Amino acid sequence: MTDENTPPTGVVLMAYGTPRHPDEVEAYYTDIRRGRPPTPEALADLVARYDAIGGISPLAVLTADQRNALQGALDARAPGRFRVTLGLKHADPKVEAGAAQLARSGVDAIVGLVLAPHYSSYSIGQYQQRVRDGVDQAGASMPVVAIDSWATEPAFIEFLGDDLRSRHEAMTSALAEAGDDRSIRVVFTAHSLPQRIIDEGDPYPDQLRSTAEAVADELRLTEGDDWMIGWQSAGRTPEPWIGPDILQVIDDLGADPTVGGVIICACGFVADHLEVLYDLDIEARHRADDAGLLFDRTACVNDDEDVMDALARRVIDAVR
Ligand code: FEC
């Protein structure tokens with residue numbers, strides 16, 4: 001593995017991307033909408049959500065930190081053998097550009113890894129296709145290996161389980177200290193997708209469920225009594241999206257006299273960004289307050305050393 005005559009293997013580390021400056025929000029939103037500019041109202045709504053979390057999302061910085069952490073973990077395990085480049089879905093450097101740049105740089109193969117744990121043809125499938133497109137655009141021919149899912153990666157499950165356990169204990173104590181004998185519900189969430197994708201047989205809901213069940217098993221939580229699944233951040237389009245929506249779940253829990261608190265485990269996301277900092281920390285928290293529920297949400301992985309090291313192992317195994 002450390003033979004200096006062996007060309008390195010490229011890794012395209014992929015993430016959603018975000019505007020780096022408020023002036024870039026319209027172009028970013030237009031890219032998400034596949035080239036159709038948003039209406040002024042939709043743009044104002046998105047700008048207001050960024051304003052509410054401080055003007056801009058920390059996602060660009062966090063994605064760069066994740067790249068550095070993955071490169072560091074690979075260098076520690078296999079010095080000089082891997083070259084990690086970012087490829088973003090909706091911001092520069094785009095996925096195709098990252099893949100093409102690696103392909104031209106003389107790597108012997110390319111591994112595609114997305115900073116999202118759950119496979120859907122509509123998300124991970126598209127990212128991985130764009131890696132192959134980038135290699136083609138570079139006129140290169142080399143093995144391209146896709147890591148499609150890391151929904152039950154043990155380090156990821158342990159990260160979520162440990163964080164959830166301490167939050168669950170803290171909320172249990174808070175209720176007890178207030179003389180409140182109501183219970184707590186954990187809601188595992190991921191980004192919603194249009195229902196038609198799922199109707200075509202997409203495995204995305206099963207992927208979220210596999211993460212939820214693995215974390216719940218760690219804490220010995222029972223589905224229904226202790227935990228459930230919800231979907232968040234559905235797009236603002238007329239077609240149906242997968243539900244139940246997290247805000248509806250919170251309303252329903254608020255109407256249940258036996259429930260006193262809700263903890264969101266946003267395991268579909270691995271960085272603090274708009275969909276976590278606004279949709280959960282502001283919107284969902286506010287909804288829980290109105291419903292008379294205590295509210296908390298689990299931490300995001302960001303550049304957690306153990307999870308990044310586990311992903312490095314996945315990369316090494318993928319090309320073995
Ligand atoms: O912090 C930031 O600036 C970026 C946060 C961000 C992440 C993210 C992740 C996912 N999305 C997924 C699916 C869709 C689908 C649509 C869609 C639309 C938006 C809009 C914004 C946005 N998404 Fe996103 N998403 C983030 C942000 N997303 C802003 C546009 C306005 C709005 O609807 O709020 C609908 C358009 C389409 O059909 O493409 C679908 C999925 C993920 C998780 C996997 C991943 O990270 O790739 C799935 C982060």
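This is a predicted model: local features need pLDDT of at least 70, side-chain atom pairs count only at pLDDT 80 or more; totals for chains, interfaces and linings use all residues.

I began with aspartate 309, which is partly exposed at a relative accessible area of 23%.

Next I looked for the partner of aspartate 309. I found a salt bridge to arginine 77, with 2.8 Å between the closest N and O atoms. Arginine 77 sits in helix α3 (residues 59-77) and aspartate 309 in helix α12 (residues 305-318), so this pair ties together parts 232 residues apart in sequence. I checked arginine 77 too, and it is partly exposed, with a relative accessible area of 43%.

Then I turned to arginine 314. Its side chain meets that of glutamate 153 in a salt bridge, at 2.8 Å from N to O. Here distant parts of the chain are linked again: arginine 314 is in helix α12, while glutamate 153 is in the loop between β4 (144-147) and α6 (154-177), 161 residues apart.

Glutamate 153 counts as buried because its relative accessibility is 6%, and buried means under 20%.

I placed aspartate 45 in helix α2 (residues 40-52) and arginine 236 in the loop between β6 (227-232) and α9 (246-254), 191 residues apart. Aspartate 45 is partly exposed at 33%, whereas arginine 236 is exposed at 53%. I also noted a network of salt bridges that links Asp45, Arg49 and Arg236.

How many salt bridges are there? I have 18 in my notes.

One joins aspartate 92 and proline 93, with omega about -5°. Proline 93 is in the loop between β2 (82-88) and α4 (95-104). Another cis bond runs from glycine 243 to proline 244, with omega near 10°, and I found proline 244 in the loop between β6 and α9.

Arginine 220 has a phi of about 55° and sits in the loop between α8 (204-219) and β6. Asparagine 302 has a phi of about 45°, and its place is the loop between β8 (294-297) and α12. I compared their exposure: arginine 220 is exposed at 76%, but asparagine 302 is buried at 14%.

Notes:
Residues are numbered from 1 along each chain as its sequence is written. Side-chain values use heavy atoms; hydrogens and water are left out. A salt bridge is a side-chain nitrogen of Lys or Arg within 4 Å of a carboxyl oxygen of Asp or Glu. Helices (H or I, at least four residues) and strands (E, at least two) are DSSP runs, numbered from the N terminus. Buried means under 20% relative accessible area, exposed over 50%, partly exposed in between (1.4 Å probe, protein chains only).
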